[in-house]
Structure formats: structure tokens, C-alpha cells
Amino acid sequence: MHVSRFDLNLFVVFDAIYTEGSLTRAAKVLNLTQPAVSHALGRLRDRLDDPLFVRQGSRMVPTARARAMVSPVRHALGGFQRCLSDEGGFDASEAERTFVLGLRDGLEGCLLPSLMAQLIEDAPGVRLQSLTISRKQMATELASGRLDLGLRRDAGPAGIHRACAGPQRPAGGDDA
């Protein structure tokens with residue numbers, strides 16, 4: 001099932017039920033009616049073909065599938081929340097991501113050791129994948145999103161390095 005055909009709001013309901021252990025309390029937290037939460041849970045159960053929660057006394061207890069889902073669901077919801085927050089920006093110390101670097105002209109050996117040391121200290125959840133990329137391929141790989149950052153050594157008089165990051169790179173620049 002593709003995510004575009006899935007009502008992602010059902011995961012908000014799922015998280016509230018998991019946290020509260022009750023449809024009534026989840027409804028209160030979500031500012032919805034209890035029947036609306038019950039209906040959403042029914043839709044989620046149908047889509048995932050699992051009861052997700054079973055009643056034990058006055059509590060809704062998660063099934064094994066619900067327990068397996070909760071961490072990735074909360075991670076995804078947290079990501080959505082960060083996108084919508086006023087904070088904005090990128091916090092390297094909190095990031096959990098792999099960045100793909102395209103490097104030219106033997107830059108890997110001189111740049112990566114110090115960069116990796118700094119990442120371990122400041123951004124422990126950030127990982128780097130380094131690819132050797134030809135000069136001609138760099139712009140194409142950046143535009144396609146397969147690279148997050150492309151670095152090459154310019155042949156300019158001062159030996160300046162140019163960096164070009166994916167979609168943020170200057171339009172019409174010659175970074176190929």
C-alpha cells in the first residue's frame with residue numbers, strides 16, 4: 001500500500017490511543033468525539049488487518065503489531081511536527097539522517113577525516129555516504145536528489161573549493 005493512498009491522520013489517532021490507553025481519553029486529547037476516534041481506529045484496523053488494541057478491563061492494550069509500529073509512527077509524527085513548528089532550521093545535534101556526498105579530485109582523503117570527527121562530536125546521528133562522482137555527473141546527480149552535496153576542487157588561481165548543495169544551488173551555475 002502506497003502512503004499517498006493512506007490517511008496519515010489515522011497515525012495521530014493511533015498514537016493518542018497508544019499513549020492514553022483509552023479511546024475516550026484519546027478523543028479528549030485530540031479534541032474529537034469518542035465515536036470519531038472509534039471510527040478512525042476501525043479504519044486503521046481495516047487498512048492494517050490487525051486489531052492494534054484489545055480491551056483488557058478499562059484499558060486498550062496494544063497488540064504486537066501496534067507495539068512494533070509505535071516507535072516509527074512517533075518518529076514520523078515528530079518529523080511532521082518539526083516541519084510545522086516555528087523553530088524551523090536544522091539542528092545537527094538532533095538529526096538522524098544519512099547525507100550523500102559526491103566528491104571529486106581526491107577530496108575524500110583530505111576532507112572526510114576532520115569532517116567525520118566533527119560530526120561524531122556535534123551530530124552523532126548524522127551519517128555520511130561518500131561517492132566518487134565525475135565532474136559531468138555532479139550536476140545531474142544533485143538535481144536528481146541522489147546527492148545531497150557535491151564538492152569539487154576548482155582549478156582557479158587560489159585553489160578555492162566550490163560546494164553546491166542539491167536544490168539550493170544557484171540557478172545557472174556551472175558546477176558540473
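Phe 14 has 0% relative accessibility, so this residue counts as buried. Buried here means under 20% relative accessible area, exposed means over 50%, and partly exposed is in between, with a 1.4 Å probe and protein chains only. Before I go on: this is a predicted model, where local features need pLDDT of at least 70 and side-chain atom pairs count only at pLDDT 80 or more, while totals for chains, interfaces and linings use all residues. Residues are numbered from 1 along each chain as its sequence is written, and side-chain values use heavy atoms, with hydrogens and water left out.

Back to Phe 14. Together with Tyr 18 it lies in helix α1, four residues apart, about one turn of the helix. Helices (H or I, at least four residues) and strands (E, at least two) are DSSP runs, numbered from the N terminus. Tyr 18 is at 22% relative accessibility and therefore counts as partly exposed.

Now the rings. Rings of Phe, Tyr and Trp (its six-membered ring) pair if their centres lie within 6.5 Å; planes under 30 degrees apart count as stacked, over 60 as edge-to-face, and the rest as tilted. How many aromatic pairs does this rule give? The count is four. In one of them, Phe 14 and Tyr 18, the ring centres are 6.1 Å apart and the planes at 40 degrees, so the pair is tilted. For Phe 6 and Phe 11 the centres are 5.1 Å apart and the planes at 20 degrees, so that pair is stacked. Phe 6 and Phe 11 are both buried. Phe 14 and Tyr 18 also form one aromatic cluster with Phe 53.

Next, the core. A nonpolar core is a set of buried Ala, Val, Leu, Ile, Met, Phe, Trp, Tyr and Cys residues joined through side-chain atoms within 4.5 Å. Which residues have the most contacts inside the largest one? They are Phe 14, Ile 17, Leu 44 and Leu 52, in a core of 23 residues. Two or more residues each come from α1, α2 (23–30), α3 (34–48) and α4 (64–84), and α1 gives the largest share, six residues. In soluble globular proteins, nonpolar side chains tend to be buried together.

Take Leu 52 as an example, with contact meaning heavy atoms within 4.5 Å. Leaving aside neighbours within four places in sequence, Leu 52 has contacts that include Phe 14, Leu 41, Leu 44, Val 61 and Met 69.

For the chain overall, there are six helices and six strands, in the order α-α-α-β-β-α-β-α-β-α-β-β. Of its 176 residues, 31% are buried.

Two residues in loops have a positive phi. Asn 31, in the loop between α2 and α3, has a phi near 60 degrees. Asp 49, in the loop between α3 and β1 (53–56), has a phi near 55 degrees. Neither is glycine, and most residues other than glycine have a negative phi. Asn 31 counts as exposed because its relative accessibility is 72%; Asp 49 is exposed as well, with a relative accessible area of 71%.

Last, another exposed loop residue: Glu 94, at 60% relative accessible area, lies between α4 and β3 (97–103). Its C-alpha atom is separated by 9.3 Å from that of Asp 122, 28 residues apart along the chain.
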